[in-house]
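Student: I would like to learn how to read the features of a model such as this one. Could we go through them in turn?

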Amino acid sequence: MAHDPWLEIRERADAVRREIETRLGVATPAPIVDAPEDKGAFALAAFGYAKALRRSPADIAKEAATVPAPAPFLALRADGGYVNFVLDPAAFAARVLASTQEMGESYGQSPVRPERVLLEHTSANPTGPLHVGRARNPIYGDALARTMRLAGYRVTTEYLVNDVGKQMVLQYWGTKRLTSQDVGPAEREKDDYRTVKFYQRATALMEGDPKVNGEVMALIQRFERGDAALTREVREVSEGVLRGILETLARIGVSYDSFFWESDLILDGSVRRVIDRLGGMSQEEDGARFLDLSEFGLEGDAAKYVFVTKLGTSLYTTRDIAYHLKKMERCDVGINVLGEDQKLTFSRLKAALRLMGVPWAPETIFYAFVGLPEGRLSTRKGRVVYLDDLLDEAVDRAYEEVRKRREDLSEERMREIAELVGVSAVRYNIARVQAEKRILFRWEEALSFEGSSAPFIQYSHARACGILEKAGALRKGNPALLVALAEQRLLRWIARFPSAVREAAETRRVHAIATFAADFAGVFNEFYRDCPVLTAEPELREARLALVDAARIVLQNALSSLGLKAPKEM
RNA sequence: GGGCCUGUAGUCUAGCCUGGAUAGGACAGAGGCCUCCGGAGCCUCUGACCUGGGUUCGAAUCCCAGCAGGCCCGCCA
């Protein structure tokens with residue numbers, strides 16, 4: 001268990017716990033919890049034993065503490081109703097550094113797990129540039145993929161490209177029938193910005209002109225019948241927009257293992273097959289077909305799930321069912337990152353899958369929307385902040401900061417660092433918040449470079465790198481010398497990193513890593529203040545260098561599991 | 001009206017799943033720290049669990065009822 005020193009020590013504590021329980025003669029186990037730092041590594045709460053033993057918790061704790069403590073523990077200490085497991089500082093330091101040195105740059109990595117995970121995220125409709133609201137999806141999804149991989153999961157990421165449906169056909173119609181004079185200039189020279197002008201204009205025209213609506217409806221029906229030539233043309237328009245979106249995502253370090261095109265589900269007949277399979281269980285109304293899902297905890301209109309329109313065309317969820325049937329063949333665990341507006345839709349999808357006798361459904365991570373102080377993001381009302389603009393602004397500001405403090409660097413190097421820092425700051429500020437919580441977008445917060453922020457973590461990393469750079473080659477020091485408070489605290493945080501990664505991966509809560517990383521950076525900064533490294537006595541200096549190197553690796557891997565860069569200087 | 005989610009200092013946020021020791025951190029505010037490895041840093045002070053019940057030795061955490069905000073209840077995606 002060299003990969004996880006904290007788990008290893010915890011299991012020793014757990015063995016002691018069992019012995020305590022045998023000695024006390026209690027049947028129901030009490031939990032081992034992390035103790036407050038000044039009390040020990042772990043603690044056993046004796047309160048739970050009190051009732052069965054008819055003795056006071058303090059009394060029980062006192063007796064329990066007489067059980068001998070195995071290495072690396074120094075002693076068990078009774079404190080009120082608790083038994084605290086006190087570590088031997090030298091033994092603890094030796095164990096942690098043995099682990100980090102064995103794992104090297106991959107410290108934090110857990111052994112590979114058997115299940116194949118297919119993580120679908122982003123899947124934004126290619127109808128325009130990514131705005132900060134939608135950006136939460138790839139930022140969260142990509143960080144989850146990275147964190148899960150570090151925890152040992154085999155993860156494939158996928159973007160479901162929606163190139164089907166009224167929006168997409170309308171967008172296609174716009175690019176065919178309108179000219180750039182009709183729609184006006186794009187805000188940026190990118191395909192997503194160019195095409196969205198056509199889309200917006202076409203939407204406006206369709207709303208005011210039934211003739212346009214008729215043309216679009218006719219196109220949709222051709223499309224749904226599997227007109228391969230038309231499908232290809234519509235898809236080409238989508239591809240252009242997607243290219244623009246992916247360009248933006250590449251800038252923040254997000255990419256995908258695969259893409260799935262929704263139109264393929266129509267061309268290969270799988271949407272048709274889903275419709276046929278659901279047909280027998282459905283009811284008809286005005287030519288449309290629907291399922292009654294009131295068996296599945298849905299009520300009223302929410303239980304009425306229409307999957308074929310009166311024109312015989314499929315709907316988004318119908319195609320999503322076809323997609324999921326294919327998806328499940330390719331993985332053991334499916335995870336979807338979705339906006340919270342998809343909740344009902346998704347429970348309908350799961351219900352429909354169950355009606356079809358499919359026992360499998362993906363897990364879902366729903367994130368709440370990003371709002372603006374003045375209200376909801378709305379492209380139509382012009383109340384929108386594009387991710388590209390946010391990134392440009394962040395990088396500009398980072399450049400000012402770099403220039404202020406690093407006159408020694410070349411212009412090119414300053415630009416590089418500004419890009420790393422600015423982009424990371426934006427990602428961190430979105431990733432750090434629990435998914436279910438609503439984010440109100442404020443420029444000052446999105447661009448924050450101090451306190452709990454990516455630059456704060458990156459700065460600690462750069463400091464560690466700076467020390468190691470000056471120190472030269474690492475020699476083996478004596479870890480037993482690392483007994484100062486700040487050293488022990490840092491060791492504790494280093495030890496807990498692999499567990500923190502696994503916990504975040506298992507609960508699919510990547511913001512926990514964001515919190516961990518910022519706390520860790522704070523702990524490292526305190527060590528930096530209290531424990532001079534380069535000027536310490538030779539043996540202590542070597543030991544501290546090993547500690548700094550371990551901390552450097554934790555910072556680097558914590559940053560990378562969030563998809564953030566770890567520059568050596570900034 | 002119904003369903004789901006969220007309510008923690010002036011502001012933002014962790015802890016809630018799995019109940020346990022003085023509720024952790026950041027911003028803003030006040031005051032301090034570079035003859036010493038990088039001041040995007042560090043230290044000190046101020047300040048919070050939406051309300052009311054319940055369960056429990058013990059509740060920010062679990063349960064119930066309110067209140068406030070968000071999302072949804074399209075033959076859109």
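Tutor: Between domain 1 and domain 2 there are 2 salt bridges, a salt bridge being a side-chain nitrogen of Lys or Arg within 4 Å of a carboxyl oxygen of Asp or Glu. Side chains of opposite charge can pair when their charged atoms come close. Here the side chains of arginine 496 and aspartate 34 meet in such a bridge, at 3.3 Å from N to O.

Student: Before we go on, what kind of model is this, and how are its residues numbered?

Tutor: This is a predicted model, in which local features need pLDDT of at least 70 and side-chain atom pairs count only at pLDDT 80 or more, while totals for chains, interfaces and linings use all residues. Residues are numbered from 1 along each chain as its sequence is written, chains are lettered from A and ligands numbered from 1 in the order in which they are written, and side-chain values use heavy atoms, with hydrogens and water left out.

Student: Where do domain 1 and domain 2 lie in chain A, and how far apart are their C-alpha centres?

Tutor: Domain bounds come from an automatic or database domain assignment, and for chain A they give domain 1 as 5-87 and domain 2 as 425-561. The C-alpha centres of the two domains lie 30 Å apart, and their contact (heavy atoms within 4.5 Å) takes 8 residues from domain 1 and 8 residues from domain 2.

Student: How is the area buried between domain 1 and domain 2 to be read?

Tutor: Buried area is the accessible area, taken with a 1.4 Å probe, that two parts lose on being put together, summed over both. For domain 1 and domain 2 it is about 680 Å², with carbon and sulfur atoms giving 51%. On the side of domain 1, Pro5, Trp6 and Glu37 lose the most area to domain 2, together 72% of what that side buries.

Student: How many salt bridges does the structure hold, and which residue pairs with glutamate 8?

Tutor: The structure holds 56 salt bridges. In one of them glutamate 8 is joined to arginine 95, their closest N and O atoms being 3.0 Å apart. Helices (H or I, at least four residues) and strands (E, at least two) are DSSP runs numbered from the N terminus, and this pair links distant parts of the chain, with glutamate 8 in helix H1 and arginine 95 in helix H4 (residues 89-103), 87 residues apart.

Student: Which residues are closest to RNA strand B?

Tutor: A residue is near a strand if one of its heavy atoms lies within 4 Å of it. In this model 70 residues surround RNA strand B, and the closest are Tyr82, Asn125, Asn162, Arg405 and Tyr528. Sugar and phosphate account for 66% of the atoms of RNA strand B that come within 4 Å of the protein. Helix H18 gives the most to the surface near RNA strand B, with 7 residues.

Student: What is to be noted about the backbone at proline 72 and threonine 122?

Tutor: Most residues other than glycine have a negative phi, and most peptide bonds are trans. The bond from alanine 71 to proline 72, however, is cis, with omega near 5°, and proline 72 is found in the loop between helix H3 (57-64) and strand E3 (73-79). Threonine 122 has a positive phi of about 70° although it is not a glycine, and threonine 122 lies in the loop between strand E5 (116-120) and helix H5 (132-150).
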